Amino acid sequence: MLYWLIDLSSSFPAFNVFRYITFRTGGAVVTGALFVFLFGPWIIDNLRLRQGKGQPIRADGPQSHLVSKRGTPTMGGLMILSGLTVGTVLWANLLNPYVWIVLAVTLGFGFVGFYDDYMKVTKQTHAGISGRTRLMIEFAIAGAACFALVWLGRGSLSSSLVIPFFKDVALNLGWYFIIFGAFVIVGAGNAVNLTDGLDGLAIVPVMIATASFGMISYLVGNAVFAEYLQINYVAGTGELAVLCGALLGAGLGFLWFNAPPASIFMGDTGSLALGGMLGAIAVAVKHEIVLAVIGGLFVLEAVSVIVQVASFKLTGKRVFRMAPIHHHFEQKGWTEPQIVIRFWIIAVILALAGLSTLKLR
């Protein structure tokens with residue numbers, strides 16, 4: 001459809017707008033949102049029917065969740081991934097390899113999360129795939145994607161770690177960059193997964209980070225803007241803004257059903273996929289360190305779990321009342337809406353801080 005409309009531009013100049021990434025990104029936002037709004041209720045009804053008791057609630061989690069969240073269906077990530085895929089296929093340039101690499105990581109991580117959710121629902125236990133097996137699959141997907149990105153770049157920049165705030169500082173890691181990039185993608189996927197514990201807590205920070213990286217992708221992929229901002233130009237990555245737009249729209253649609261009290265949970269199907277997508281885009285546009293700033297909320301959630309586990313194993317004492325850290329604040333008496341909205345505010349502040357690195361050189 002897109003190519004046909006562009007071909008018509010010779011006869012109808014108005015169709016020239018379909019050449020512009022900004023216009024197609026807007027189209028992807030609307031398409032992703034409409035798809036989820038229209039098909040969301042049908043997907044929720046089918047998942048509720050097939051899952052019966054819904055997502056099993058951890059017995060060692062907050063006791064309030066045992067009542068308030070019991071019976072809610074999971075795998076809501078299917079709604080997001082469907083809207084994302086439709087929006088991307090309709091509006092992105094499908095000849096662009098970056099589009100397929102990032103989409104492959106997203107859907108690959110989504111499949112891993114789907115199988116994990118499926119195991120939990122069918123066995124009615126919070127234990128799905130073993131952690132080691134899941135990480136091995138994730139690293140295989142992420143490693144293959146990073147290899148493709150390095151090969152696609154065919155230059156020293158493609159295997160370099162760019163340092164923010166400096167014009168020309170980049171550490172060439174050679175082929176070791178594949179290991180580093182895979183770690184970024186897998187880390188991002190699991191960090192978002194840990195954040196997904198309250199209604200609406202994960203999806204809004206994901207949308208904020210997605211909007212930020214949509215802007216970064218567009219600027220990095222535009223030679224004029226990249227030169228003006230003195231950031232590294234990576235040809236072709238501007239098209240990733242369309243994927244970000246599709247995810248932003250699908251996320252808005254999902255939030256309609258995930259707002260408290262949630263009609264459906266994202267599940268590992270969504271959280272792993274969305275985190276993996278953010279990580280893959282960050283690696284593609286050479287803003288891996290900036291991801292740690294913009295996605296600082298996800299980093300905080302992951303670090304809280306690492307600190308809690310390490311402290312308990314080494315000293316027998318817990319640093320937090322419960323981990324991840326959003327449960328810590330629940331135990332301190334914060335209401336769920338208070339935690340969610342305050343974490344959203346933190347996500348906005350961190351996004352602004354990350355975007356400031358584009359100009360501070």
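Which residues form one aromatic cluster with Trp334? Phe329 and Phe343 do. The legends below start with the whole chain and return to this cluster.

**Figure 1. Overview of the predicted chain.** This is a predicted model, in which local features need pLDDT of at least 70, side-chain atom pairs count only at pLDDT 80 or more, and totals for chains, interfaces and linings use all residues. Residues are numbered from 1 along each chain as its sequence is written, and side-chain values use heavy atoms, with hydrogens and water left out. The protein chain holds 15 helices and two strands. Helices (H or I, at least four residues) and strands (E, at least two) are DSSP runs, numbered from the N terminus. Of the 361 residues, 52% are buried. Buried means under 20% relative accessible area, exposed over 50%, and partly exposed in between (1.4 Å probe, protein chains only). Among contacts with a separation of 6 or more, 75% join residues 24 or more positions apart. Contact means heavy atoms within 4.5 Å.

**Figure 2. Helix H4 against helix H11.** H4 spans residues 77-91 and H11 spans residues 267-284. Their axes come within 7 Å and cross at roughly 40°. Axes are lines fitted to C-alpha atoms, for helices over the stretch in contact, and angles run from 0 to 180 degrees between N-to-C directions. The two helices are therefore oblique to each other. Angles under 35 degrees count as roughly parallel, over 145 as roughly antiparallel, 65 to 115 as roughly perpendicular, and the rest as oblique. From H4, Gly77, Leu78, Ile80, Leu81 and Leu84 meet Thr269, Gly270, Ala273, Leu274 and Met277 of H11. This contact has seven nonpolar, three polar and no charged residues. Ala, Val, Leu, Ile, Met, Phe, Trp, Tyr, Cys and Pro count as nonpolar, Asp, Glu, Lys and Arg as charged, and the others, Gly among them, as polar.

**Figure 3. Helix H5 against helix H6.** The axes of H5 (residues 97-123) and H6 come within 10 Å and cross at roughly 180°. H5 is thus roughly antiparallel to H6. By class, their contact has 13 nonpolar, one polar and three charged residues. The H5 side includes Tyr98, Phe109 and Asp116. The H6 side includes Arg134, Glu138 and Leu152.

Figure 4. The whole structure has eight aromatic pairs. Rings of Phe, Tyr and Trp (its six-membered ring) pair if their centres lie within 6.5 Å; planes under 30 degrees apart count as stacked, over 60 as edge-to-face and the rest as tilted. Phe35 and Phe39 have ring centres 4.7 Å apart and planes at 35°, so this pair is tilted. Both lie in helix H2 (residues 21-51), four residues apart, about one turn of the helix. Phe39 is partly exposed, at 40% relative accessible area. The rings of Phe329 and Phe343 have centres 6.1 Å apart and planes at 85°, so that pair is edge-to-face. Phe329 lies in helix H14 (residues 325-331) and Phe343 in helix H15 (residues 336-356). Phe329 is buried at 17% relative accessible area, and Phe343 is buried at 3%. Arg342 lies over the face of Trp334, at 4.6 Å from the ring centre. Such a charge has NZ of Lys or CZ of Arg within 6 Å of the ring centre and within 35 degrees of the ring normal.

**Figure 5. Surroundings of Ser159.** Ser159 sits in the loop between helix H6 (131-153) and strand E1 (160-162). Ser159 is buried, with a relative accessible area of 8%. Not counting residues up to four places away in sequence, Ser159 touches Val150, Leu171, Asn172, Leu173, Gly174, Phe177 and Lys286.
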